[in-house]
Amino acid sequence: MRKQVYTCFCVDVLHEGHLNIIEKASKLGDLTVGLLCDSELVRYNRFPTKSIDERIKQIKSIGQVNKVVIQNTMMYDEIFDKYHPDIIVHGDDWVNGPQRVIRNNVIKNIEKYGGELIEYPYTNSEAIIKTEKRITEKLAMPEKRRGRLKKLIDILPIVKTIEVHSGITGLIAEKTIVETESGLDQFDAMWVSSLCDSIEKGKPDIELVDLTSRLRTINDIMEVTTKPIIFDGDTGGLIEHFVYSVRTLERIGVSAVIIEDKIGLKKNSLFGTEVIQEQDSIEHFCEKIRSGKSVQLTDDFMIIARIESLILQNGLDDALERAHAYVEAGADGIMIHSRSEYPTEIFEFCKEFRNKNKNTPLVVVPSTYNQVTEEELIENGVNIVIYANQLTRAAFPAMENAAKSILKYHKSSQLQKELLPIKKIISLIDEL
């Protein structure tokens, strides 16, 4: 009886390395190829450029493959339980680095079910490197990047979004991967915050930094990343200005703009009623949404309405009335904001909103109620979570501490253990 051989591919563009694995694995017995499902492919650091059906068809066309299956998790527990493979085949690139957690899972399952792990040297030719770079470059193109947020909302239980304000923070968002019990995890999208962009420039957060300046920040980020960008549009400004912003952001490849329903001089929402803040009328804000939607050229771009009713203590009923009105006006999503230390009022809003609207994406920013988990947010119908200022807030005390330490000791050696080696920082930056 021929042995059952299994290998899993985590890409949607085949190159000679994959074909080498297939050729070698097929000689060991009947070969089954697993393809990671879309949601796991995203977690693995690969946004699918082809549908799962296209990927299945691509593998089935290869003569040495006996069967193609969808692997629903990065870990192999389900594969061993369902298919009982005699041999697992993989390249040796997962011996080190984040992928080793998946390799360890395979070894654990072999100890439980029996079987054998065969690893072949990873193929790393110039052609493969060129192919990988071309895929990355295509994902970074405006027309490819723009619609990715909508696709992620459909693919993932929740879209994890981290604040970025420069090229280097963009690279951190792009390349940070952690090992978990269920495989690998990473951020899905990036938030270009007006607060953090203003802080980076040493300016107050009052819509002082104009769109032209903020576009330079976006360009720095886009040049070195591929993940979708959600833009903090503050109030959106005058309707006549907002329509221009929509066309510009859509053209350069931004996925979404979030605008808040306030008027007058913008103050940060976390000040709440401690400062004078005025909420826009429902009618005027709806007109702003309709005007923005009317100038879009594609269906990819999203206008998300941010509701300040809970911030300004105007109540749940006001927030819900606005949410439904804004969706009726064309908003592609609703962001509900709160400065409470607890997520109770956010969950109440989500529950009531979902009673009438099952599909419109909900966005939250748990800056103050930061004990809430992503699992809890998913259970309450949230689609996008934005960690809106954590990178900026983490960097500031570290930089201030370094400056004080140098002034105190008149040298920098005492900081050595706290500083990241320059070589490690440089390694984040790809060369052409």
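I note here that the model is a predicted one.

**Entry: overall build**

I went through the secondary structure and found 18 helices and 17 strands in the chain. The radius of gyration came next: it is 24 Å, close to the 22 Å given by the globule rule for 432 residues, so the chain is as compact as a globular protein of that length. I also took the extents of the C-alpha trace, which spans about 75 × 65 × 40 Å along its principal axes.

I checked burial over the chain. Of the 432 residues, 50% count as buried. For contacts with a separation of 6 or more, I found that 75% are made by residues 24 or more positions apart.

I then turned to charge. The chain has 55 positive and 66 negative charges, and I noted that their mean positions lie 5 Å apart.

**Entry: aromatic pairs**

I searched the whole structure for aromatic pairs and got six. I looked up Phe 285 and Tyr 326 in detail. Are the two residues buried or exposed? Phe 285 has 0% relative accessibility and counts as buried. Tyr 326 also counts as buried, at 0% relative accessibility.

I went on to Phe 349 and Phe 353. The ring centres are 5.8 Å apart and the planes are at 10 degrees, so the pair is stacked, the cut-off for that class being under 30 degrees. Both residues sit in helix α15 (residues 344-356), four residues apart, which is about one turn of the helix. I found both Phe 349 and Phe 353 to be buried.

I also recorded an aromatic cluster, formed by Tyr 6, Tyr 76 and Trp 94.

I picked Thr 392, which lies in helix α17 (residues 390-409). Its relative accessible area is 11%, so Thr 392 is buried, given that buried means under 20%. Which residues is Thr 392 in contact with, leaving aside neighbours within four places in sequence? I listed Glu 163, His 165, Cys 196 and Ile 199.

I then looked at Ser 405, which lies in helix α17 as well. Ser 405 has a relative accessible area of 11% and is buried. Not counting residues up to four places away in sequence, I found that Ser 405 touches His 410, Lys 411, Gln 414 and Leu 415. For one of these, Leu 415, I looked up the C-alpha to C-alpha distance from Ser 405. The two are 7.5 Å apart in space and ten residues apart in sequence.

Technical notes. Residues are numbered from 1 along each chain as its sequence is written. This is a predicted model: local features need pLDDT of at least 70, side-chain atom pairs count only at pLDDT 80 or more; totals for chains, interfaces and linings use all residues. Side-chain values use heavy atoms; hydrogens and water are left out. Helices (H or I, at least four residues) and strands (E, at least two) are DSSP runs, numbered from the N terminus. The radius of gyration is taken over C-alpha atoms; the globule rule is 2.2 Å times the number of residues to the power 0.38. Buried means under 20% relative accessible area, exposed over 50%, partly exposed in between (1.4 Å probe, protein chains only). Contact means heavy atoms within 4.5 Å. Lys and Arg count as positive and Asp and Glu as negative; His and the chain ends are not counted. The place of a charge is taken as NZ of Lys, CZ of Arg, CG of Asp or CD of Glu. Rings of Phe, Tyr and Trp (its six-membered ring) pair if their centres lie within 6.5 Å; planes under 30 degrees apart count as stacked, over 60 as edge-to-face and the rest as tilted.
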